[in-house]
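I opened my notebook to look up helices, sheets and a few single residues. Here is what I wrote down.

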Amino acid sequence: MTYLTSDLGAWLDANAFHLDTAADTDASVLPKLAEGGLFRIGVPVQWGGSGGNVGEAAAAIAEVSARSLTAGFVFWGHRTFIEYLLQSPNAALREALLPDLLAGRVGGATGLSNAMKFLSGIEGLSVRAQRDGARLRLDGRLPWVTNLPTTGFHVAMAVEGADGAPAFLATLSSKDAGLSRSADLDLMAMRGSNTAALKIDSAHISESRIIHPNVAEWLPFVRPAFLSMQCAMAIGLARRSLEEAGSRLQNDRDILSEPVAALTADLKAAETAMHDGLNGSRFVEQPASLFRLRIRLTEIAVQAVQLELSASGGKAYLSEPGAGFQRRLREAAFIPVVTPSLVQLKLALRIQELPTAVGATA
């Protein structure tokens, strides 16, 4: 099944290089993806969506990422914020924010990389709350957040609770006093993703802006969607590079047929495992299985780009015929470091396995 219209596919192909290298695309990516109805995939019809499930949203992200990882990254961030609202008990907040998000009129940014590391015991929360009368005052910093168009955005963040209360998940708006956005980060690639840092300095919110009152209880249930839709970016990139490599298997390069076929089979198996995990409760009950899957898909994407290089030969280094490969090479350099990075995932696995290892030794 394809999720892209021919017009949207053509637009992504035509703009992939520009999205990768230029940071002047505030008014293009979100409206284009929204125009194609992509943000409504997996959203219940009664809430303005087209129905389906989060696995279908992940499949759409993979399809977009195969043409432009920048667009896929924006899609992931935006759709993940929508997912937070779908899984929030705060119905009033969902009803207030969803229409503009589904239509792509404002950006939705997932500032939860810090929270995912917090949940795995890797680091503390970087945003704190204090009581200020009937409201909450937020202070802190998020050093790296994607999909922050200067035309307007909402951003989710995990906040350390006030007076010993549990950490909670809140959303701030670009219109809020006390929230400031840096200039776009000077990225090596994916410059059109509207990625910047956020400073939170005495931003005041009411409890109506709380997505969930207890991050530690809630995140294990939203993490499978967060990471699976992130896995979809690696799936899309790997799929495209393997297709490109396969199209060049002729003459002396047919020696690559076997490794291309083997890696393609590995990719399909990993993708199937991801969808199977999303359809049940395994990723909630056994998060380590999802971490390992994300690690494996990252490895496959990096290997696929290297196979594309081997199949392309020297012309991959020429600006014109090699432009697509060079962009995918830069994209492949990003996949292992997007938070949670491979190092962070491996550390989280070690932390999860430590009690078992200690118990076995005692």
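I count two strands as paired if DSSP finds at least two bridges between them. Helices (H or I, at least four residues) and strands (E, at least two) are DSSP runs, numbered from the N terminus. The model is predicted: local features need pLDDT of at least 70, side-chain atom pairs count only at pLDDT 80 or more, and totals for chains, interfaces and linings use all residues. Residues are numbered from 1 along each chain as its sequence is written, and side-chain values use heavy atoms, with hydrogens and water left out.

**Entry: the antiparallel sheet**

I started with strand β3 (residues 135-145) and strand β7 (residues 196-205). They run antiparallel, and eight bridges join them. I looked up L136 and found its bridge partner in β7 to be I205.

Both strands belong to an open sheet of four strands, in the order β2-β3-β7-β6, with antiparallel pairing. At its edges I found β2 (127-132) and β6 (179-181), and each pairs on one side only. From one strand to the next, the twist averages 10°. For such angles, axes are lines fitted to C-alpha atoms, for helices over the stretch in contact, and angles run from 0 to 180 degrees between N-to-C directions.

**Entry: the mixed sheet**

Next I read off an open sheet with the strand order β1-β4-β5-β8 and mixed pairing. Which strands stand at its edges? They are β1 (107-110) and β8 (210-212); each has a single partner strand, so one side of each lacks a neighbour in the sheet. Direction ignored, neighbouring strands here are turned by 25° against each other on average.

I then checked one pair. β1 and strand β4 (residues 153-159) pair in the parallel sense over four bridges. G107 stands opposite F153 in β4.

**Entry: helix α10 and its partners**

Helix α10 has 26 residues. From its first C-alpha to its last it reaches 38 Å, close to the 38 Å expected at 1.5 Å a residue. The expected span is 1.5 Å times one less than the number of residues.

Is α10 largely enclosed or open? I found 19 of its 26 residues buried, so α10 is largely enclosed by the rest of the structure. Buried means under 20% relative accessible area, exposed over 50%, partly exposed in between (1.4 Å probe, protein chains only).

I looked at α7 (residues 215-246) against α10 (residues 287-312). They pack at an angle of about 20°, with their axes 8 Å apart. The two are therefore roughly parallel. Angles under 35 degrees count as roughly parallel, over 145 as roughly antiparallel, 65 to 115 as roughly perpendicular and the rest as oblique. The residues of this contact divide into 19 nonpolar, four polar and four charged. Ala, Val, Leu, Ile, Met, Phe, Trp, Tyr, Cys and Pro count as nonpolar, Asp, Glu, Lys and Arg as charged, and the others, Gly among them, as polar.

Helix α8 (residues 257-279) packs with α10 at about 155°, with the axes 10 Å apart. That makes α8 roughly antiparallel to α10.

**Entry: single residues**

P287 has its place in helix α10. P287 is buried, with a relative accessible area of 13%. Its C-alpha is 15 Å from that of M229, 58 residues apart along the chain. Just after α10, I noted that G313 takes a positive phi of about 75°.

G324 lies in helix α11 (residues 323-334). With a relative accessible area of 25%, G324 is partly exposed. G324 and A16 are 308 residues apart in sequence, and 8.6 Å apart in space, C-alpha to C-alpha.
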